[in-house]
Structure formats: structure tokens, C-alpha cells
Amino acid sequence: MKVETVVQLGSIAVAALGLVTTMLAPILSGRLAHRQAQATDLRALRMALFLDIGEYAEEAWRRLKALTASNEEHDRSGLTDLVHPLRLTARISLLAPRDVRDAWRDFLEAEDRLRWEWYENPDVDPEGTIYVDPADPVALRTAEALRGLQQSLRAAVINPDRRD
């Protein structure tokens, strides 16, 4: 084969490669932009979820303080515009990392036990106010679960793209 033929074939190959990459560049950049937009949307959904969980946890702390106060010094009425825990649970199962899912489940179990304790076995202070003793293991477990939930939320907010 002549050198001229090899050079011509090489030139044709380079030209074809250039043509293919020129044609593929918009397609590839479009796909990359689409993936980046999806990642940004997912991050925004997760951050909104973490904020809703945080608000619910803050309200749970307020409720715990009100339930464990042996007098009426704490307001027992709460926020009314919180996301319902079942809605949070559904979003958590889809969007949150494992440690947040586990901490949320632990918190819900502790809160259910606390609610049962308050309804079924409450203490009564000298003024007749029903409360749960702050040293009661159920109240202590609820506080521990809330601390764990808040800790996992902080870690999730630092790295909202983590999903395991």
C-alpha cells in the first residue's frame, strides 16, 4: 500500500471521527445537563424533607417538655401546619439516607410509647395536672430518640446527595 493511500485513509478516519464527535457533542451535553438538573431537583426535595423533619422534631421537643412539666408552665398547644408524620414517613422512605430512616422509625416508636404512657399511666401533680414524669424511662427514651434524629439530620444536611 502506498504512503499516499495510508495518509488519505488516515485523513478520512480523522475527518469521520471529528464529524461523529461534532454530532454527538450536543446529545452528550444535553444528557449531562439533564442529569445535573435531576440531581439539583433531588437535592432540593431532600433539603425540603430535612427541613420538614427538623420542624416536626422541634415540635416534638416542645410536646415532650409540656408533657413532662408538672405544672402548666409549658404551652400544650402546638403548631398546626406541620407535615403529617405519615407523609413524612413516605417521603423519608423514598428520599432519606438509611441513618435518617432508622432514626425516624426509632423516634416514632418512642413517641408512640410516650403517648400511650401519657394516656394510660400518667402522673398527676398537686394541682391536678396530668403529666409524665421526666425521669420516666419512656420520656428519657423519647428524648434520646429525638437527639438521634436531630444528629442524623445534621449529617444528612451536610451531604444531601448521600443515599444508602
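Q: What makes the crossing of H2 and H3 left-handed in this predicted model?
A: A crossing is left-handed if the near helix is turned anticlockwise from the far one by less than a right angle, and right-handed if clockwise. The crossing of H2 and H3 is left-handed, and H3 passes H4 in a left-handed crossing. As this is a predicted model, local features need pLDDT of at least 70 and side-chain atom pairs 80 or more, while totals for chains, interfaces and linings use all residues. Residues are numbered from 1 along each chain as its sequence is written, and side-chain values use heavy atoms, without hydrogens and water.

Q: Why are H2 and H3 called roughly antiparallel?
A: Helix H2 (residues 85-95) packs on H3 at about 155°, with axes 10 Å apart. Angles over 145 degrees count as roughly antiparallel (under 35 roughly parallel, 65 to 115 roughly perpendicular, the rest oblique), so H2 and H3 are roughly antiparallel.

Q: How do you know that H3 is roughly antiparallel to H4?
A: H3 and H4 pack at about 155°, their axes 8 Å apart, which makes H3 roughly antiparallel to H4.

Q: What lines the largest pocket, and how much space lies in it?
A: About 260 Å³ of space lies in the largest pocket. Its lining has 14 residues, with Arg63, Leu67, Leu114, Arg115 and Trp118 nearest its centre. Helices H1 (3-67) and H3 (98-120) each give two or more residues to this lining. By class, eight lining residues are nonpolar, one is polar and five are charged.

Conventions. 1 Å grid on protein atoms, 1.4 Å probe; cavity = no way out; pocket = protein on both sides within 12 Å on 5 of 7 lines; lining within 4 Å. Points joined across faces, edges and corners; volume = space filled by probe spheres on them. Helix = DSSP H or I, 4+ residues; strand = E, 2+ residues; numbered from the N terminus. Nonpolar A, V, L, I, M, F, W, Y, C, P; charged D, E, K, R; others polar. Axes fitted to C-alpha atoms, helices over the stretch in contact; angles between N-to-C directions.
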